[in-house]
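I will look up a few places and write down what I find.

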Amino acid sequence: MPAVIMPKMGDGMEEGVLLRWLKGEGEAVAEGEPIAEIETDKVTIELTADNAGTLAERIKEGESIPVGKPVAMILGAGESPANGAAAAPTVSEAPADQGPDQPAGAMPASGSGEAVEPARPPEQTAPPTRTDGRAGGAGATERIKASPLARRIAQEHELDLRQIRGSGPGGRIVREDVEAFLARPKAPEAAQAAPADTAPAAAPVAEPAPAPDGARRTPLSRMRAAIGRRMVESKTTIPHFYVSAEVDMTEALAWRKRLNETAAAAGESYKISVNDMIVKACGLALVKYPNLNVSYVSAPGGDTIEHHDEINISVAVALKEGLIGPVMRGVDTKSLGTVAREANDLINRAREGKLLPNEVAGGTFTVSNLGPFGVSEFIGVITPPQAAILAVGSSAQQPAVVGGEIVIRDRMTITISADHRVTDGAEAAQFVGEVRRLLENPLALLL
């Protein structure tokens, strides 16, 4: 009996919450039929059945489940929970040796560089030590909630997990928490010394200062917490640098207007946006400058650069809860009309919370456009494990010198944020220059 598993929605996702069942236990389901609603760090999606059968062994609504873990079973003809080939699904708390960083046996996420350790059988579980995440002394059975990758890093550095505050769901300690703890200034040697057979006392956790009069505090949403973790990871581990350029959009805007008028006359329902033209220009420019379509991978055996065969551009979409980046795949190989249709569909479904798991994962470059908000220019933060993001400002009429005369032209500022470990200023400048050339000669977007 096949298991229905928690899907991975984005490179940083570790867990999801089963919000609501759409099908009852014992009900027949068809292949591809929505059976539940799942809340992730970024979106709420419908979970569909991979095969037909009878829904069984569902977890409870509101349970938090690690990526790759089963949330239900689908029984085939003649199967029952008692005689099925698969085991019943586990629920919210993952075993200590197998948590939400990766499902057992899974490959690392693209560009993550994180190795995955297989789970150990219960009879091989090591006895409690001061770094295994158990609270209390010998014989204690309460475990601190921590992902297996966080535990492994803590063991490698002989850290006591009781001293680390978790930022994951339910206070779970994740990799970023351990790395942040390691980055803190070291205490003097004398203060760290302790008898070898004595576990160090847990560091006291400071209570937050009371809110000022007239202020109130609210807990972070799952999306805001995920964005916070990813952006801290980006700004503390990726050496950003920035290159800006002004683009004359006069011809591109006039050409776009004519294309949309032609499409409307032909009965087409879509319209080509300025952002569609920018996304297409970036796709073509990345073919010419592939070093910006890579991921920097840190690994124990030595750091490497992972070159992506596809050009998959994440398009930043602002939601009420935060930011999400649905992915447009193979942008360099698609016509501008196809890019416009796909972008319109993805953006609409992102705002409705109806994106599929593979539509928010696998991006290799990001375009973030704040032009519609009247922002003249800004710089973006790179989304790990990508190597670059292009920030786009608004297009506005400005005086410019053309052919020795002052004329009014539509000008727009673009800024690339790039990872200095994989590229340098000259190459980033050439990439920005190629994007500018394509936009200033819009017929080139059709080649």
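**Ground rules.** I am working with a predicted model, where local features need pLDDT of at least 70, side-chain atom pairs count only at pLDDT 80 or more, and totals for chains, interfaces and linings use all residues. I number residues from 1 along each chain as its sequence is written, and side-chain values use heavy atoms, with hydrogens and water left out.

**Overview.** I looked up the secondary structure and found 8 helices and 18 strands. Helices (H or I, at least four residues) and strands (E, at least two) are DSSP runs, numbered from the N terminus. Next I checked burial: 44% of the 447 residues count as buried. Buried means under 20% relative accessible area, exposed over 50%, and partly exposed in between, with a 1.4 Å probe and protein chains only. Then I turned to contacts, meaning heavy atoms within 4.5 Å. Of the contacts with a separation of 6 or more, 64% join residues 24 or more positions apart.

**Gln386.** I found Gln386 in the loop between strand E16 (365-369) and strand E17 (388-402). Is Gln386 buried or exposed? Its relative accessible area is 5%, so I note Gln386 as buried. I then listed its contacts, leaving aside neighbours within four places in sequence. Gln386 is in contact with Ile238, Val294, Ser295, Ser314, Gly363, Thr364, Phe365 and Thr366. Two of these partners came up again when I looked for polar contacts. A polar contact is a pair of N or O atoms within 3.5 Å; within protein, one must be able to donate a hydrogen and the other to accept it, and residues adjacent in sequence count only if both atoms are side-chain atoms. A polar atom of the Gln386 side chain lies 3.3 Å from the backbone oxygen of Gly363. The Gln386 side chain also reaches the backbone nitrogen of Phe365, at 3.5 Å.

**Pro385.** I stayed in the loop between E16 and E17, where Pro385 has its place. The peptide bond from Pro384 to Pro385 is cis, with omega near 5 degrees.

**Gln398.** I moved on to strand E17, which holds Gln398. Gln398 has a relative accessible area of 30%, so I wrote it down as partly exposed. Not counting residues up to four places away in sequence, Gln398 touches Glu246, Val407, Ile408, Arg409 and Arg411. I also looked at Asp248, 150 residues from Gln398 along the chain: their C-alpha atoms are separated by 9.8 Å.

**Positive phi.** Which loop holds Glu57? Glu57 sits between strand E6 (53-56) and strand E7 (64-66). Its phi is positive, about 55 degrees, although Glu57 is not a glycine. Glu57 is buried, at 16% relative accessible area. Glu158 also has a positive phi, near 55 degrees. I found Glu158 in the loop between helix H1 (148-156) and helix H2 (175-183). Glu158 is exposed, at 60%.

**H6 and H8.** Last, I took helix H6 (residues 274-288) and helix H8 (residues 425-440), whose axes come within 9 Å and cross at roughly 130 degrees. Among the residues that meet are Met277, Ile278 and Ala281 in H6 and Phe431, Glu434 and Val435 in H8. I sorted the residues of this contact into 11 nonpolar, no polar and 2 charged. Ala, Val, Leu, Ile, Met, Phe, Trp, Tyr, Cys and Pro count as nonpolar, Asp, Glu, Lys and Arg as charged, and the others, Gly among them, as polar.

Note on methods
Axes fitted to C-alpha atoms, helices over the stretch in contact; angles between N-to-C directions.
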